[in-house]
Amino acid sequence: AQAAAAAQPQPAAAPAQPVSIRVIYEKARDKTLSDQVFTFQARPTLAELQERIERAHPDLLRIDYSMRHGAMVIDESTWGLMDLLSRRGKPATIVVVSNRRPFNAYNKRMGLELLGVTDIAPDAGDSVFQGDELALDEELPPEIQQCTTWRTIEDVLQHLADDMACRSHISEPHVIGKEAAKRELISPILMAAATIVGGIKVYAEFVADGVRANGFVDWVFFFKRFSIVVVEAKHSAPFDEFTGQLAAEMVAVREDFAMTVLNKRKLEAASSMMEVPSYGILTNGYMYQFFKYYMDESNNKVLVQSGVKSLNIESAKSHEEALVAVTTIVKHVVHILRAQVSAISQSRDLKKARII
């Protein structure tokens, strides 16, 4: 009987039904992206859907986006649970969500993940962020001498001391506590350091467009088109809660440079140029903390931070005291600018790209 039953013809399997999936692009980097409907001969795998999306938009890579269906996040573990059957002639809908976040959405943990580090190392003994001794009689670049009355580094520091003491006395940013007020004390320090080093450009409110983070950076120092130091102004300290935002900015300016200047692909952008470190500064105008991101001799990524350096300009009672206060901070900024200029000048990648 069993043999007879087995001999009987089995019913044919139902033919696979075509499956249509509507893809909605939400907050996409490419504003020209529009809703699309993809049709498959049978239920696709998640990888097949991703391939169709990326074939239609070659600039869109899997690191750029995630997908969801209603409240459900779509990944390998949930894909099989999704009902792809059309309802009333309408295809199932999947929303493609950009993974990029604004800088201020990054907390410390998220920022460190972007950098590929698990913790921040302290700068023991100020070995990384030691301040440069400034040769006061050293002449400034010719282009600065042509447009100012300054001739030497001492002229820059003397002017800065008067300017900062006046700003602190008149506008009292330490009393007001607003971020905009703090900027009154930050900008002159940055400009003085760039002037002393020479060949440096300083851009405020710089737009950095990275793979996973984007937005405005308060200030960026540039040398040979490479963004060498990013500066973020904060209204308060301690700065621990802002390190994630600074880390995201440090990554984004590197990726932006790699993609727009070196023509690197997105997947290569984050890891390129590691022979050149990145520096970041967090400051509220009166306190400064410096950060360095680099690859050590064992090819491990490292983020190291300085102790907090104080600018005691509000307590200065004389020009001499103001001069000591501003020089204390300027020499640290000059140190990291010079270190970056040296690293960039020796970069094989930049020489190959004819940036230097």
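Predicted model: local features only at pLDDT ≥ 70, side-chain atom pairs only at ≥ 80, totals over all residues.
Strand β11 covers residues 278-283. Of its 6 residues, 6 are buried, so the strand is largely enclosed by the rest of the structure. Burial extends to both faces of β11. On one side lie Ser278, Gly280 and Leu282. On the other lie Tyr279, Ile281 and Thr283.

Strand β11 pairs with β10 and with β12. Strand β10 spans residues 226-233 and runs parallel to β11, with 5 bridges joining the two. Within this pairing, Glu232 has Leu282 of β11 as its bridge partner. Strand β12 spans residues 287-295 and runs antiparallel to β11. Here 6 bridges join the strands. Ile281 stands opposite Phe290 of β12. Together, β11 and β12 form a hairpin, with 3 residues between them. In the turn, Gly285 has a positive phi of about 95°.

Helix α4 is formed by residues 108-115. Its buried residues are Met110, Gly111, Leu112, Leu114 and Leu115. Several elements contribute to their cover, including β6, β9, α9, β12 and β13. At the start, a side-chain oxygen of Asn107 comes to within 3.2 Å of the backbone nitrogen of Arg109. Just after the helix, Gly116 adopts a positive phi of about 80°.

The next point concerns cysteines. A disulfide is a covalent bond between the sulfur atoms of two cysteines. The structure holds 0 disulfides. Cys147 has a relative accessibility of 59% and therefore counts as exposed. Cys166, at 40% relative accessibility, counts as partly exposed.

Leu311 sits in the loop between β14 (309-310) and α11 (319-345). Beyond its neighbours within four places in sequence, Leu311 is in contact with Met164, Gly285, Tyr286, Ala325, Val326 and Ile329. One of these, Gly285, belongs to the turn of the β11-β12 hairpin. Leu311 and Thr328 are 17 residues apart in sequence. In space, their C-alpha atoms are 7.3 Å apart.

Technical notes: Residues numbered from 1 in each chain as written. Heavy atoms only, no water. Buried < 20%, exposed > 50% of the residue type's maximum accessible area, 1.4 Å probe, protein only. Helix = DSSP H or I, 4+ residues; strand = E, 2+ residues; numbered from the N terminus. Pairing = 2+ DSSP bridges. Contact = heavy atoms within 4.5 Å. Polar contact = N/O pair within 3.5 Å; in protein donor to acceptor, adjacent residues only side chain to side chain. Disulfide = S-S within 2.5 Å.
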